[in-house]
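The text after it goes through the confidence, the fold and the packing.

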Amino acid sequence: MKNYLYILYALFFVSFLASCSQSSKECRIHGVMQDKSRDGKTIYLVPMENATKDNVDSTIIKDGKFEFVTQKNIMAIVRVELKCRYGLQDLLVVTEPGDLNVKIGAESSAEGTHQNDILQEWKQRTEEHTKEYIQARNSIKSILLTGDSTLAEKVKSQADSANVAYKNYSRELADKIGSGPLYDFLDKRFPKDNKK
């Protein structure tokens with residue numbers, strides 16, 4: 001009888017350890033929608049590269065919430081089904097181990113894991129840069145219509161400098177990360193040999 005109890009305790013202990021190591025490799029995405037208008041609709045977790053019907057995960061939105069659990073450590077996009085996507089921003093995430101809190105809305109965001117916190121910072125900087133760059137390009141067009149090519153060249157030079165600064169920021173961020181899916185993502189877009 002004693003041996004039976006020891007075996008039972010040992011099995012319990014081994015299964016406990018296995019479940020702990022399993023959950024430590026899981027990415028748990030806890031999602032909240034901006035409202036409940038898309039309840040009953042499908043939301044997807046789509047690998048950023050090589051997506052197929054076999055490796056895309058999906059779930060149903062209920063009470064304005066959704067959950068994903070995965071052991072893949074990749075860059076992925078959280079997106080609502082196509083016919084319900086209007087007004088929502090897709091969200092790029094890293095499915096690294098840990099709990100990731102996601103908000104899907106007009107301005108989607110993620111927080112809770114190291115790489116996703118960095119990715120959110122980079123996303124905000126990218127959106128600001130893009131907005132400023134578009135404004136500068138539109139200003140250049142307007143200035144050129146007035147015939148002031150000197151001022152247009154000055155604004156273009158400032159926009160180009162801001163673009164170089166943004167690219168350098170992105171490259172330095174990749175170097176700071178060092179490895180992993182977010183590093184690979186940034187390294188591919190901002191290679192070391194293009195840093196100025």
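The average pLDDT of the chain is 89, and 87% of the residues score at least 70. Over residues 14-22, however, the pLDDT is below 50, and this stretch has 1 contact in the model beyond near neighbours in sequence. Where pLDDT is low, the predicted coordinates should not be read in detail.

The chain has 4 helices and 8 strands. Their order from the N terminus is α-β-β-β-β-β-β-β-β-α-α-α. Of the contacts with a separation of 6 or more, 53% are between residues 24 or more positions apart. Of the 196 residues, 34% count as buried. The accessible surface is about 12400 Å², and carbon and sulfur atoms contribute 54% of this.

An open sheet is built from 4 strands in the order β3-β2-β5-β6, with antiparallel pairing. Its edge strands are β3 (57-60) and β6, each of which pairs on one side only. On average, neighbouring strands are turned by 25 degrees against each other, direction ignored. Within the sheet, β2 (residues 42-47) pairs with β5 over 5 bridges in the antiparallel sense. Here Y44 stands opposite R79 in β5. Helix α2 packs on the sheet and touches β5 and β6, its direction making about 150 degrees with that of β6.

Which residues of helix α4 (residues 181-189) are buried? They are P181, L182, Y183, F185 and L186. The cover over the buried residues of α4 includes the strands β5 (75-80) and β6 (91-94), as well as the helices α2 (114-146) and α3 (149-177).

How values were computed. Residues are numbered from 1 along each chain as its sequence is written. This is a predicted model: local features need pLDDT of at least 70, side-chain atom pairs count only at pLDDT 80 or more; totals for chains, interfaces and linings use all residues. Side-chain values use heavy atoms; hydrogens and water are left out. pLDDT is the predictor's confidence in each residue, from 0 to 100. Contact means heavy atoms within 4.5 Å. Helices (H or I, at least four residues) and strands (E, at least two) are DSSP runs, numbered from the N terminus. Buried means under 20% relative accessible area, exposed over 50%, partly exposed in between (1.4 Å probe, protein chains only). Accessible areas come from the Shrake-Rupley method with a 1.4 Å probe; for residues, only the protein chains shown count as cover. Two strands pair if DSSP finds at least two bridges between them. Axes are lines fitted to C-alpha atoms, for helices over the stretch in contact, and angles run from 0 to 180 degrees between N-to-C directions.
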